[in-house]
Amino acid sequence: MKHLFPILTKALLQVEEGASAQLILDEYRQRVPEDSWGLFQTFYLGVLEWQSHLESILKEFSKLKLNKYPKEDRYLMLLALYGILFLRKPPYAIVNETVELFKRKKSRLAPMANAILRSVLREEDLDQRVYGRMTPKQKMIKKYGYPVSTTSTLLEQLGDKKAEELLLYSKSIPRTDFVILGEEEEVLRMLEEEGHEIKPLEVERGYSFVKMNRPLEKVKAFKEGKIYIQSNASQVLASLIPEGKTLLDLCAAPGGKSIALLARDPNREITGADLTKDKLRMIRENLDRLALDLDLKQWDATEENPAWLEAYDTVLLDAPCSGTGVLHRQKGESADKELYDLEQLTLQQDEMLTHAAKYVKNGGFLIYSTCSILRDENEKRVEEFLQKHPNFTVVNLSQDEAFYRSYPEEGEDGFFACLMEKNEG
Ligand SMILES: C[S@@+](CC[C@H](N)C(=O)[O-])C[C@H]1O[C@@H](n2cnc3c(N)ncnc32)[C@H](O)[C@@H]1O
């Protein structure tokens, strides 16, 4: 740790000064020795993830106000706190090494650092000590570090217990699932030769990395476009979309569902639309790497497109949403974003659904999906849509459930999907 903490403090300070957390991570990958990279990443991501909690602890135990610490020293303390509280490493070794670093810098904070870290280690109920005087909402805002509006919405919609479970899960490192494109046996052999540990998922051609032994960009099958990274839930959702010749994917970027559909049926004619040129470029880059193609169109899904009326066997509306089912994937900068105004989002979802419905041929299908776990964005949108569109009927997605749902607390991305058939009307 001794050799890593000074360089970690520099990296974390750059993020504090406004640099992108991912770009800084990429930059340090070149500088940090290969055998220390795993530990560097663990500390770097861990402190960013738990910064609010670690600062709350430091504030509680420190006589010196946080804004009086030299910035590098504050990060040194946060790194040490992360190490003693979250990692299975001998905590007193971390304390001693941190204090030694302070001494080496001839910092007058050395004795205080020692006292703080040792008191934290001795504390029997840290949560009670740090958050005991706060309301559950204040505690969740401070402990998990999400914006006030995100935390309030989750509490209102899910209740204290479920909201806290979700916020805790959002701190975990997400799984890397993938779909195999191309010849399955050959790709499995390539992965095995590089020594990765993988396991099959429930969907055909779906797998997950149990242990990836190099950065993703260096995995040969990824570089050669033979695998596509996509969560299990997203793969399952794509597999529920009925067969059909033509499909319109109204909110397609970065292309995950359309790519999964193309991989299964290369003859399906897919139009992928999204709001901006940049988003279309993202889809194009993914398609190029995978040597696939689909028709791309820049379009605002809240506007009607006369050329698409009754033109498609299937229309997929994977709507922009709060992303509450995938908080664990939104690390670094995106985690700081306020949850959008839920009312605005649901109005936009209704508007998009109304247009999407017009593009479906009679006898065709409309799929509405989100990566939200909030009823307001899921079941309620479908209920309102069906009231206004009696010519659509829900097709059950499993034996006992009308909708498809996957849950973060079960280790999956939180997705929702509803399949509806259009009848003459
Ligand atoms: C949940 S993501 C879609 C994920 C994609 N279907 C996939 O599987 O990879 C929602 C997308 O909606 C797009 N979007 C947001 N507002 C839009 C609008 N008004 N019209 C069209 N697309 C929009 C966003 O750019 C974003 O790419």
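Lys-106 is exposed, at 75% relative accessibility. Exposed here means over 50% relative accessible area, buried means under 20%, and partly exposed is in between, with a 1.4 Å probe and protein chains only. Lys-106 sits in the loop between helix H5 (91–104) and helix H6 (110–122). The phi of Lys-106 is near 55°, a positive value in a residue other than glycine.

A word on the source. This is a predicted model, where local features need pLDDT of at least 70 and side-chain atom pairs count only at pLDDT 80 or more, while totals for chains, interfaces and linings use all residues. Residues are numbered from 1 along each chain as its sequence is written, and side-chain values use heavy atoms, with hydrogens and water left out.

Back to the backbone. Glu-310 also has a positive phi, near 50°, and is not a glycine. Its loop runs between strand S7 (295–298) and strand S8 (312–318). Glu-310 is partly exposed, at 45% relative accessibility. Then there is a cis peptide bond, between Ala-253 and Pro-254, with omega about 0°. Pro-254 is in the loop between strand S5 (246–249) and helix H13 (256–264). Why point these out? Most residues other than glycine have a negative phi, and most peptide bonds are trans.

Now the ligand. Which residues are closest to the ligand? They are Gly-256, Asp-274, Asp-300, Ala-301 and Asp-318, out of 18 that surround it. To count as near, a residue needs a heavy atom within 4 Å of the molecule or strand. Some specific atom pairs follow. Asp-300 places a polar side-chain atom 2.8 Å from a ligand nitrogen. Lys-257 has a polar side-chain atom 2.9 Å from a ligand oxygen. Cys-251 uses its backbone: an N or O atom there lies 3.0 Å from a nitrogen of the ligand.

The side chains of Gln-230 and Ser-234 make it, at 3.0 Å. A polar contact is a pair of N or O atoms within 3.5 Å; within protein, one must be able to donate a hydrogen and the other to accept it, and residues adjacent in sequence count only if both atoms are side-chain atoms. Gln-230 is in the loop between S4 and helix H12 (232–239). Gln-230 is buried, with a relative accessible area of 4%.

On to salt bridges. How many are there? The count is 34. The rule is a side-chain nitrogen of Lys or Arg within 4 Å of a carboxyl oxygen of Asp or Glu.

Take Glu-16 and Arg-74. Their closest N and O atoms are 3.1 Å apart. Glu-16 is in helix H1 (residues 5–16) and Arg-74 in helix H4 (residues 71–86), so this bridge ties together parts 58 residues apart in sequence. Glu-16 is partly exposed at 34%, while Arg-74 is buried at 10%.

Next, Glu-186 and Lys-226, at 3.9 Å from N to O. Glu-186 belongs to helix H10 (residues 184–193) and Lys-226 to the loop between helix H11 (220–223) and strand S4 (227–229), so the pair ties together parts 40 residues apart in sequence. Both ends are partly exposed: Glu-186 at 31%, Lys-226 at 22%.

Third, Arg-405 and Glu-379, with N to O at 2.5 Å. Arg-405 is in strand S11 (residues 404–405) and Glu-379 in helix H16 (residues 379–388), 26 residues apart. Arg-405 is partly exposed at 27%. Glu-379 is buried at 9%.

There is also a network of salt bridges, which links Glu-60, Glu-123, Arg-129 and Arg-133.

Last, the second largest pocket. Its volume is about 310 Å³. It is lined by 19 residues, and those closest to its centre are Leu-158, Lys-162, Ile-373, Leu-374 and Tyr-407. A pocket, on a 1 Å grid over the protein atoms alone, is an open set of points where a 1.4 Å probe fits, with protein on both sides within 12 Å along at least five of seven lines; lining residues have an atom within 4 Å of a point. Volume is the space filled by probe spheres set on the points, which are joined across faces, edges and corners.

Which helix gives the largest share of the lining? Helix H9 (residues 148–169), with six residues. By class, the lining has nine nonpolar, four polar and six charged residues. Nonpolar covers Ala, Val, Leu, Ile, Met, Phe, Trp, Tyr, Cys and Pro; charged covers Asp, Glu, Lys and Arg; the others, Gly among them, are polar.

Methods:
Helix = DSSP H or I, 4+ residues; strand = E, 2+ residues; numbered from the N terminus.
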